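I am keeping short notes on what I look up in this structure. The entries follow the order in which I looked.

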Amino acid sequence: MPLNFKLYSTLTNTKEDFVPIEAGKVGLYVCGVTPYDFSHIGHGRGVVVYDTFARFLRETGWQVKYVRNFTDVDDKIIARANERGMEATALAQEFIEAFTEDAQKLNEVTPDVEPRVSTHMQEIIDMIQLLLDNGVAYVGDSGDILLDTTKVDDYGKLSKKPLNDLIEGARVDVSDDKKTPTDSVLWKLAKPEEPKWASPWGEGRPGWHIECSAMSAKHLGKTFDIHGGGMDLIFPHHENEVAQSEGAHKCKSVNYWMHLAFINFDGEKMSKSLGNFKTIRDMLQLVSGEAIRLYMLGTHYRKQLNFTVDALQASETALEKLYRTLKRAVDLPQTDAQDLEHFYGYLADDLNTPKAQAEMFNTATDLNAALDQNNLEKAAVLKAKLVKMGASLGLLTYEPVKYLKGGYKAAPEGAMSDTDVEKLVQERTTAKTEKNWARADEIRDLLKAENILLEDGAEGTSWVRK
Ligand SMILES: [Zn+2]
């Protein structure tokens with residue numbers, strides 16, 4: 001039996017007991033990035049929080065299908081690609097790869113499916129056709145297809161904004177095409193210099209919101225368990241997703257909406273226009289990916305995170321302390337982790353990561369005390385618990401000695417890759433067994449020239465970048 005848990009849902013604005021659609025299974029969809037630039041730390045927080053959530057679910061017995069999309073067809077991508085004189089798809093691909101690299105450095109377990117708009121055009125077109133057939137969409141004067149928000153039941157139910165208020169608020173945004181200001185574009189006819197796809201209404205491309213309705217239905221079904229994304233997406237993006245999905249399929253689309261709060265940077269709301277745009281890469285120059293994780297999970301996901309460099313560095317120091325504790329315990333025998341009820345209990349309470357982390361730090365304190373008292377039996381049990389809690393949060397995944405020497409640092413631009421270093425280290429080990437000292441020394445010098453230091457120990461040779 002999987003562990004029961006509670007989740008705060010934006011739909012009801014209450015913390016609810018999670019009830020799965022299918023026993024033992026969780027379908028999770030999260031809105032991903034628009035790959036036109038390097039991802040900022042707000043995206044990083046999304047990566048860390050939903051990854052931690054998926055890890056928690058899997059560890060407590062749930063079978064999870066985690067889907068996160070890439071919005072690879074978008075105005076910003078097209079504009080940037082035109083600026084750089086390249087194909088939009090090539091630009092999107094470049095930044096999808098960059099995002100994936102960043103997410104890996106944050107120790108993410110890659111989602112099960114990462115659908116892209118460009119490869120789901122048929123599903124999107126089919127859904128727009130369904131909306132037209134159901135009378136929830138119409139052809140505008142320009143030929144674009146629009147969602148008719150007045151024909152959707154309970155439009156505004158997610159953002160808790162009555163349709164009339166929304167109409168008032170949207171007046172500034174009114175276009176000739178729209179019958180009602182809140183209506184949104186499902187299919188735009190192509191303009192010159194834009195990527196386009198064939199459709200029954202002419203060549204063009206989808207509006208933003210429809211992609212998530214189409215891709216979530218394809219990969220998780222018409223009704224699925226949990227939908228995540230930043231709070232800034234509640235309106236209009238998620239409100240429209242609900243309207244489109246329910247307008248097309250005539251059934252409830254999502255049971256729980258799990259929204260992530262903003263990041264403030266040094267006290268100011270982070271945005272590009274404020275000039276305080278910080279990328280995940282900027283942060284990775286300062287500290288390890290695990291330190292960023294520890295920092296982000298130190299604030300509950302529904303609370304605003306006030307990002308400061310000092311606090312980030314304090315997380316690095318705290319993480320090093322955990323690794324130093326594990327280094328002291330490195331020779332203790334392996335044993336099963338136990339006594340994790342409190343830890344998982346905190347995570348089962350609307351993913352309370354700050355409390356789960358506090359439990360992890362308390363265990364490290366107890367482990368140090370047990371080591372001080374030379375109570376090795378107790379220490380072994382505490383060590384197993386600490387390592388297990390760390391893994392569950394995506395932390396403490398390195399050998400302590402390697403981490404403390406900076407072994408988490410990735411190969412700098414142009415440097416020898418980890419794989420090539422490993423190969424040479426192995427070749428040197430072989431050379432030594434064959435008593436080919438000249439070759440062994442040669443390899444050592446070669447690596448030294450690459451700023452890679454070797455250390456020969458009882459368990460073989462370890463290496464670290466200087
Ligand atoms: Zn979305």
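**Entry 1**

I looked up Ile 77 and found it in helix α2, residues 75-83. Helices (H or I, at least four residues) and strands (E, at least two) are DSSP runs, numbered from the N terminus. I note that the model is predicted: local features need pLDDT of at least 70, side-chain atom pairs count only at pLDDT 80 or more, and totals for chains, interfaces and linings use all residues. Residues are numbered from 1 along each chain as its sequence is written.

Is Ile 77 buried or exposed? Ile 77 is buried, because 22 other C-beta atoms lie within 10 Å. The cut-offs are 20 or more for buried, 12 or fewer for exposed, and partly exposed in between, with C-beta atoms placed from the backbone.

Leaving out residues up to four places away in sequence, I list among the contacts of Ile 77 Thr 34, Tyr 36 and Leu 91. Contact means C-beta atoms, placed from the backbone, within 7 Å. Arg 45 is 32 residues from Ile 77 in sequence and 22 Å away in space, C-alpha to C-alpha.

**Entry 2: a sheet**

I found an open sheet of 4 strands, ordered β5-β6-β7-β8, with antiparallel pairing. β5 (137-139) and β8 (204-206) are at the edges with a single partner strand each, so one side of each has no neighbour in the sheet. Two strands pair if DSSP finds at least two bridges between them. β6 (residues 145-147) and β7 (residues 184-189) have 3 bridges, in the antiparallel sense. Opposite Leu 146 I found Val 185 in β7.

Definitions and conventions. Two residues are in contact if their C-beta atoms, placed from the backbone, lie within 7 Å.
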